[in-house]
Amino acid sequence: MTSFDTAYAERTTATKALYDRARRTIPGGAGSTARLPRNGWKPYPLFMSEGKGSRLRDADGNEYIDYLLGLGPMILGHRHPQVTQAVVDAVNQYGTCFGLPYELEIEAAEKVVAAVPGLEQVRFTNSGSEAVGTAVRLARATTGRRLIVRFEGHYHGWQDTVYWSNHVDPVLAGPADNPRPVAMGPGVPAELEDTLVVLTWNDPESFVRLMEQRGEEVAAVLTEPAVFNTGCILPEPGYLELLREQTTKYGAMLIFDEVITGFRFARGGAREWFGVHSDLTTYAKGVGGGFPVAAIGGTTEAMRMIADGTYSHSGTYNANVVQCAAVSATMDVLATPGLYERQRALGDRLGSGLKALADEKGIDAYVEGIGTVFQFWFTDRPIKNWRDAAAHAHEDIFTRWYQEMVVRGILFHPLQFENLFVSLVHTDADIDETLTAAESALTVVARER
Ligand SMILES: Cc1ncc(COP(=O)(O)O)c(C=O)c1O
């Protein structure tokens with residue numbers, strides 16, 4: 001037993017009992033594979049009892065400042081009073097689900113469209129994976145082409161068409177300038193490999209070469225506009241513009257997967273922040289302030305086949321009352337003047353504080369991100385894409401950093417290829433407390449090296 005194992009066991013006896021109980025009726029003991037020990041939650045995931053604002057309490061009564069934010073959706077913290085009240089009121093007033101349209105749905109759509117530059121229409125759905133699946137098939141339907149171009153290290157949900165080459169073993173994927181797609185798990189039909197081209201991100205040469213060779217076959221280029229599924233990696237200057245220019249040139253669609261970036265560091269997400277507009281955009285974490293809702297949006301032209309019904313975008317629970325009430329109220333809160341500026345500054349203060357502490361203690365690390373979402377990379381060089389991350393990010397040091405922080409009441413994802421989320425309700429006191437914990441955690445990390 002390491003000292004962490006002992007400390008964790010002592011403070012999580014109720015969690016451990018729940019975990020043992022859960023495993024009897026829930027495969028693996030949790031509702032998503034992402035919550036299991038094999039995905040970093042070692043020796044077992046914390047069981048939570050309550051969230052409020054920026055804080056969580058676990059089953060043993062331990063409190064945490066929360067930078068996990070439910071893996072992203074709790075953009076307004078836990079139980080935001082305005083959003084919670086709006087959902088309760090809407091359910092009491094309308095019910096939950098009609099299988100028919102209603103006015104609150106229009107209100108929610110209007111507010112999303114107003115928030116995002118260049119977005120003209122939006123359809124609501126239930127999860128990011130559904131939204132991406134819809135966008136990919138819609139691009140194929142619109143262009144009459146089959147090929148989807150995407151990038152190693154990005155994650156676009158669990159559907160067969162895109163569940164490829166996320167954190168892939170470079171040995172299996174081959175050379176960085178011409179990787180082959182690798183399915184991320186068993187059960188994905190191997191023949192889908194022919195429908196994909198997977199490239200290294202932030203590498204203009206390989207992208208331009210591919211478009212020169214196969215641009216006329218490409219239905220869509222699908223990308224996270226800033227990568228938040230391999231820690232945080234920002235686009236190199238001009239890279240998103242290049243994707244836009246080349247897709248337009250070859251008549252392919254550009255899909256921004258804004259499931260994480262949407263509404264996060266700017267109200268208009270990456271489209272606003274980077275000033276590059278995609279044809280289709282997917283949203284999920286953030287759009288409903290923590291309620292389960294996702295969206296696919298685009299220009300009226302890009303949504304044409306959905307509008308005329310030739311492309312069937314269906315779903316019993318699409319645009320249900322809980323979703324639309326949550327979206328509408330969330331959009332109202334996000335429109336608060338100065339909100340993003342204040343919270344980005346807060347997140348930047350945390351990021352630069354962590355970097356300064358690492359420097360002070362002689363630990364090779366840097367912070368990359370945009371205020372309200374970032375990663376603290378333990379590496380001695382910049383990470384520009386998945387290949388850099390696989391070769392140069394020190395997961396072992398990150399693990400110790402996570403462990404020393406979680407026992408000090410600071411929660412974020414235990415893996416370096418995830419990130420830290422700062423909600424729009426975190427406070428200066430949260431950041432001060434986190435930096436105090438970080439100073440002592442990094443002292444331990446530095447001592448062990
Ligand atoms: C960029 C991105 N796209 C799609 C998804 C899938 O979303 P969901 O988990 O809601 O299906 C995720 C989830 O983490 C994501 O980060």
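Contact here means heavy atoms within 4.5 Å. With that in hand, let's work through some exercises.

This is a predicted model, in which local features need pLDDT of at least 70 and side-chain atom pairs count only at pLDDT 80 or more, while totals for chains, interfaces and linings use all residues. Residues are numbered from 1 along each chain as its sequence is written, and side-chain values use heavy atoms, with hydrogens and water left out.

**Exercise 1. Describe the surroundings of Glu152.**

Step 1: find the place. Glu152 sits in the loop between strand E5 (147–151) and helix H6 (170–173). Helices (H or I, at least four residues) and strands (E, at least two) are DSSP runs, numbered from the N terminus.

Step 2: list the partners. Leaving out residues up to four places away in sequence, Glu152 touches Ser165, Asn166, Val168, Ala173, Pro179, Val198, Leu199, Thr200, Trp386 and Arg387.

Step 3: look for a polar contact. The side chains of Glu152 and Arg387 make one at 2.7 Å. The term stands for a pair of N or O atoms within 3.5 Å; within protein, one must be able to donate a hydrogen and the other to accept it, and residues adjacent in sequence count only if both atoms are side-chain atoms.

Step 4: Trp164 is 12 residues from Glu152 in sequence and 8.2 Å from it in space.

**Exercise 2. Which residues surround the ligand, and which classes do they belong to?**

Step 1: collect the shell. A residue is near a molecule if one of its heavy atoms lies within 4 Å of it. The ligand is surrounded by Ser127, Gly128, Ser129, Tyr155, His156, Gly157, Glu224, Asn229, Asp257, Val259, Ile260 and Lys285.

Step 2: sort by class. Ala, Val, Leu, Ile, Met, Phe, Trp, Tyr, Cys and Pro count as nonpolar, Asp, Glu, Lys and Arg as charged, and the others, Gly among them, as polar. The shell then has three nonpolar, six polar and three charged residues.

Step 3: read the polar distances. A polar side-chain atom of Ser129 is 2.6 Å from an oxygen atom of the ligand, and a polar backbone atom of Gly128 is 2.8 Å from a ligand oxygen. For Tyr155, a backbone N or O atom lies 3.4 Å from a nitrogen atom of the ligand.

Step 4: On its own the ligand has 390 Å² of accessible area, and the protein covers 84% of that. Such areas come from the Shrake-Rupley method with a 1.4 Å probe; for residues, only the protein chains shown count as cover.

**Exercise 3. Show how the chain is divided and how its parts meet.**

Step 1: the centres of domain 1 and domain 2, taken over C-alpha atoms, are 26 Å apart. Their contact takes 31 residues from domain 1 and 41 residues from domain 2.

**Exercise 4. Is Leu411 buried or exposed, and what does Leu411 touch?**

Step 1: Leu411 belongs to strand E13 (residues 410–411). At 2% relative accessibility, Leu411 is buried.

Step 2: beyond four places in sequence, the contacts of Leu411 include Trp41, Leu46, Tyr64, Tyr67 and Val406.

**Exercise 5. Trace the loop between E3 and H3 through Leu69 and Met74.**

Step 1: Leu69 lies in this loop. Its phi is near 50°, a positive value in a residue other than glycine, and Leu69 is buried at 0% relative accessibility.

Step 2: Met74 is also found between strand E3 (63–66) and helix H3 (81–94), and is buried at 14%. Setting aside neighbours within four places, Met74 is in contact with Leu69, Gly289, Gly290 and Ser423.

**Exercise 6. Where is Asn318, and which polar contacts does its side chain make?**

Step 1: Asn318 is in the loop between helix H10 (304–307) and helix H11 (321–334), buried with a relative accessible area of 17%.

Step 2: the side chain of Asn318 has a polar contact of 3.3 Å with that of Thr125. A polar atom of the Asn318 side chain also lies 3.4 Å from the backbone oxygen of Ser314.

Terms used
Buried < 20%, exposed > 50% of the residue type's maximum accessible area, 1.4 Å probe, protein only. Domains from an automatic or database assignment.
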